[in-house]
Amino acid sequence: MSMADREGLIWHNSQIVQWRNAQTHVLTHTLHYGMGVFEGVRAYKTERGPAIFRLREHTDRLFNSAHILGMKVPYDRDTIDEAQRIAVRENRLDSAYIRPMFYFGPEGMGLRADNLDVHCIVAAWEWGSYLGEENMKNGIRVRVSSFTRHHVNVTMCRAKANGNYMNSMMALQEAMRDGYDEALMLDAQGYVMEGTGENVFLVRGGVLYTPDLTSALDGITRKTIMTLARELGIDVVEKRITRDEVYIADEAFFTGTAAEVTPIREVDGRAIGSGTRGPITERLQQLYFDVVHGRSEAHLEWLTLV
Ligand code: PMP
């Protein structure tokens with residue numbers, strides 16, 4: 001079903017509009033040059049109703065993204081938090097993927113972008129397991145991409161910027177064409193950086209490793225997993241990671257709002273550890289799902305009821 005042709009309501013520049021009427025002109029600036037910022041947020045079904053996971057952190061990252069790109073946002077953070085709750089509530093969703101975005105409108109063309117308005121949409125819809133339900137148990141097959149991740153001084157990666165995803169899409173296209181589920185991207189120096197829409201973790205000798213944040217997105221799921229792991233007494237180390245360290249890891253997994261905690265069972269035709277979901281990955285995945293569904297007493301502060 002087309003994303004444009006659905007029942008429902010979308011928050012658009014402070015108005016709640018019919019899904020099919022949430023439109024913009026073909027000369028919308030962001031459509032031409034890719035300068036816009038967005039978020040991917042999830043709400044989960046809990047005993048007390050749907051709850052948005054780490055809402056304010058996502059909103060803060062959205063505003064930071066806009067700040068990095070020099071976009072002047074005419075809304076405050078409380079309004080955008082509330083718009084996300086409205087998008088879930090008005091569409092009567094028990095669980096949801098929420099997509100807020102700031103974009104430049106059709107007020108002008110060319111690269112100066114100094115006469116443009118920043119517009120905002122917040123949409124929400126049901127979206128299941130991003131990389132496949134079965135893969136959450138068995139793990140996915142990954143290839144190291146022939147495309148390099150963004151250099152820190154090209155478009156930068158602390159901003160979740162629309163245009164950055166062209167790089168991700170080319171890497172994913174290549175991986176899928178070659179029969180893999182996802183790509184692992186290396187930075188400009190050849191060190192392991194992240195997936196096309198996920199951060200990456202390795203387990204070796206009971207220690208959790210993840211690349212330090214240079215040209216990877218500062219993932220909220222990454223932060224969550226680091227916190228949960230440390231609370232379990234697992235050491236977490238952020239460092240430069242090489243491609244061959246991945247090959248000889250005991251376990252590996254991706255994290256992301258969409259991907260949640262997805263085990264990696266193979267990289268470049270080499271089995272990772274036992275070639276299936278590892279025990280630490282399973283433990284963290286279980287804990288993550290308990291926390292986001294409000295089944296754990298710990299970290300209820302991460303949940304915002306809609
Ligand atoms: N890296 C990239 C490139 C992403 O698109 C995402 C998804 N937002 C992530 C990492 C994971 O970030 P988060 O856990 O905040 O969703």
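Guide: The axes of helix α6 (residues 220-231) and helix α8 (residues 279-292) come within 10 Å and cross at roughly 110 degrees. Please bear in mind that this is a predicted model.

Visitor: How are α6 and α8 oriented to each other?

Guide: Angles of 65 to 115 degrees count as roughly perpendicular. The crossing of α6 and α8 is roughly 110 degrees, and the two helices are therefore roughly perpendicular to each other.

Visitor: Which residues make the contact between α6 and α8?

Guide: From α6 the contact takes T221, T224, I225, L228 and A229, and from α8 it takes L284, L287, Y288 and V291. By class, seven of these residues are nonpolar, two are polar and none is charged.

Visitor: At what angle do α2 and α3 pack?

Guide: Helix α2 (residues 55-69) packs on helix α3 (residues 77-90) at about 125 degrees, and their axes are 10 Å apart. That angle makes α2 oblique to α3. The crossing of α2 past α3 is right-handed. On the α2 side the contact involves L55, R56, T59, D60, L62, F63 and N64; on the α3 side it involves R77, D78, I80, D81, Q84 and R85. This contact comprises four nonpolar, three polar and six charged residues.

Visitor: How is empty space located in general?

Guide: A probe the size of a water molecule is rolled over the atoms, which shows where empty space is left. In this model, one cavity of 30 Å³ or more is counted. The largest cavity has a volume of about 50 Å³.

Visitor: Which residues line the largest cavity?

Guide: The lining consists of R149, H150, C157, A159, K160, N164, Y165, E194, A216 and L217. Five residues of this lining are nonpolar, two are polar and three are charged.

Methods:
Residues numbered from 1 in each chain as written. Predicted model: local features only at pLDDT ≥ 70, side-chain atom pairs only at ≥ 80, totals over all residues. Heavy atoms only, no water. 1 Å grid on protein atoms, 1.4 Å probe; cavity = no way out; pocket = protein on both sides within 12 Å on 5 of 7 lines; lining within 4 Å. Points joined across faces, edges and corners; volume = space filled by probe spheres on them. Nonpolar A, V, L, I, M, F, W, Y, C, P; charged D, E, K, R; others polar. Axes fitted to C-alpha atoms, helices over the stretch in contact; angles between N-to-C directions. Helix = DSSP H or I, 4+ residues; strand = E, 2+ residues; numbered from the N terminus. Parallel < 35°, antiparallel > 145°, perpendicular 65-115°, else oblique. Left-handed = near helix turned anticlockwise from the far one by under 90°. Contact = heavy atoms within 4.5 Å.
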